[in-house]
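The sequence and structure are shown first.

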Amino acid sequence: MARTRDIPDALITALRDARHVCILTGAGVSAESGVPTFRDAQEGLWANYDAQALATPEAFLADPALVWRWYRWRRDLVSEAMPNPGHYSIAKLAGLLPRVTLITQNVDSLHQRAGSTGVIEFHGNLFDDRCASCDTPTTADDTVDIPVCPDCGGNLRPGVVWFGEGIPEAALRNSSAAAVSCDVFLSVGTSSTVYPAAGLADLARDNAATIVEINPNPTMHAGSFDFVIAGKSGVVFPELIELLDV
Ligand code: OAD
């Protein structure tokens, strides 16, 4: 297959030789499905909305109905979106390599809809609801502005991680363990600006992994990666599959 971009032979060799590959994805992987990213200029979500005014516990406390409208809008948008070749190729990669751990910052379930299993959802999931008071997971009634908990009557909230909140304990533990033990770490479609997710690549490198950035716009951390592939995930991953599946 003619290479549409420069994927170094050394990277293909590193992937072929890897016992364990860890993949961290960000909003860029869903961009080709029509789901806006957060920080891309203009079309990014945060370009049109003030993140602090919507995705924080304080915002929810101040105006739960507004926050529910925002998340219901995002759920509708994502429900109409389809996984793209990047999602499908990432899912296929798991069948070509001995062990792949997929960690996503995305909350849109598109990796799962493309067939990936065991996905570590670092920032929760848009479609999970839970009680803001007693933490009981439940499914919100979409016909009311502010759904309430059937157990304690408290307000329900979307099961996503908000600014200032901690990462779900199991997700943090399992992601860190995967970053420490992997031989190759692929950081895909993320601006690498939000920690602790952005620190996983450093953890992998500090444990002798080969670290790779895949992003059409090299990030401010590009210089610390062993390989930087300047391309869209929906183009690069099908090419990686083509090169590995021989
Ligand atoms: P950002 O919007 O910060 O970054 C998206 C990245 O994807 C940018 O670096 C783009 O260059 C890149 N990109 C755009 N199109 C792409 C494509 N087709 N293929 C590959 N890359 C592409 O989104 P994240 O880094 O995911 O947190 O943001 C991290 C976190 O910040 C999110 O999980 C969210 C937000 O606050 C929470 O929800 C807690």
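A pocket, as the word is used here, is an open set of grid points with protein on both sides within 12 Å along at least five of seven lines. The model discussed below is predicted.

## Overall architecture

The chain contains 11 helices and nine strands. Its radius of gyration is 19 Å, close to the 18 Å that the globule rule gives for 246 residues, so the chain is as compact as a globular protein of that length. Along its principal axes, the C-alpha trace spans about 55 × 35 × 30 Å. Of the 246 residues in the chain, 49% are buried.

Strand S7 covers residues 184–188, and five of its five residues are buried. Both faces of S7 are covered. Val184, Leu186 and Val188 lie on one side, with Phe185 and Ser187 on the other.

Strands of a sheet pair through backbone hydrogen bonds, either parallel or antiparallel. S7 runs parallel to strand S1 (residues 21–25), to which it is joined by five bridges. Within this pairing, Leu24 has Ser187 of S7 as its bridge partner. S7 also pairs with strand S8 (residues 210–214), again in the parallel sense and over five bridges. Here the bridge partner of Val188 is Ile214 in S8.

## The three-stranded sheet

Three strands form an open sheet in the order S5-S4-S6, with antiparallel pairing. Strand S5 (137–138) and S6 are the edge strands, each pairing on one side only. Four bridges connect S4 and S6 in the antiparallel sense. Cys131 stands opposite Leu156, a residue of S6.

## The largest pocket

The largest pocket has a volume of about 860 Å³. It is lined by 44 residues, of which Gly26, Ala27, Phe38, Arg39 and Ser191 are the closest to its centre. H2 gives the most, with three residues.

By class, the lining of the largest pocket divides into 20 nonpolar, 17 polar and seven charged residues. At least three residues of this lining come from each of domain 1 (1–35 + 83–123 + 167–246) and domain 2 (38–80 + 127–160).

## The second largest pocket

The second largest pocket has a volume of about 260 Å³. Sixteen residues line this pocket, and the closest to its centre are Gly124, Arg130, Gly159, Val160 and Pro168. Strand S4 (124–131) and strand S6 (156–160) each supply at least two residues of the lining. S4 gives the most, with five residues.

The lining of the second largest pocket has five nonpolar, four polar and seven charged residues.

## The cavity

A cavity differs from a pocket in that a 1.4 Å probe fits inside but cannot get out. The model has one cavity of 30 Å³ or more. The space in the largest cavity is about 120 Å³. Thirteen residues line the largest cavity, and Val35, Pro36, Phe38, Arg74 and Asp108 are the closest to its centre. Phe38 is also among the residues closest to the centre of the largest pocket.

H6 gives the most to the lining of the largest cavity, with three residues. The lining comprises nine nonpolar, two polar and two charged residues. Domain 1 and domain 2 both give residues to this lining, so the largest cavity lies between them.

## A residue of helix H7

Ala94 lies in helix H7, which covers residues 85–96. Is Ala94 buried, partly exposed or exposed? Its relative accessibility is 43%, so Ala94 counts as partly exposed; the partly exposed class runs between the 20% cut-off for buried residues and the 50% cut-off for exposed ones. Ala94 and Pro83 are 11 residues apart in sequence, and their C-alpha atoms are 16 Å apart in space.

Methods
Residues numbered from 1 in each chain as written. Predicted model: local features only at pLDDT ≥ 70, side-chain atom pairs only at ≥ 80, totals over all residues. Heavy atoms only, no water. Buried < 20%, exposed > 50% of the residue type's maximum accessible area, 1.4 Å probe, protein only. 1 Å grid on protein atoms, 1.4 Å probe; cavity = no way out; pocket = protein on both sides within 12 Å on 5 of 7 lines; lining within 4 Å. Points joined across faces, edges and corners; volume = space filled by probe spheres on them. Nonpolar A, V, L, I, M, F, W, Y, C, P; charged D, E, K, R; others polar. Domains from an automatic or database assignment. Pairing = 2+ DSSP bridges. Rg over C-alpha atoms; globule rule 2.2 N^0.38 Å.
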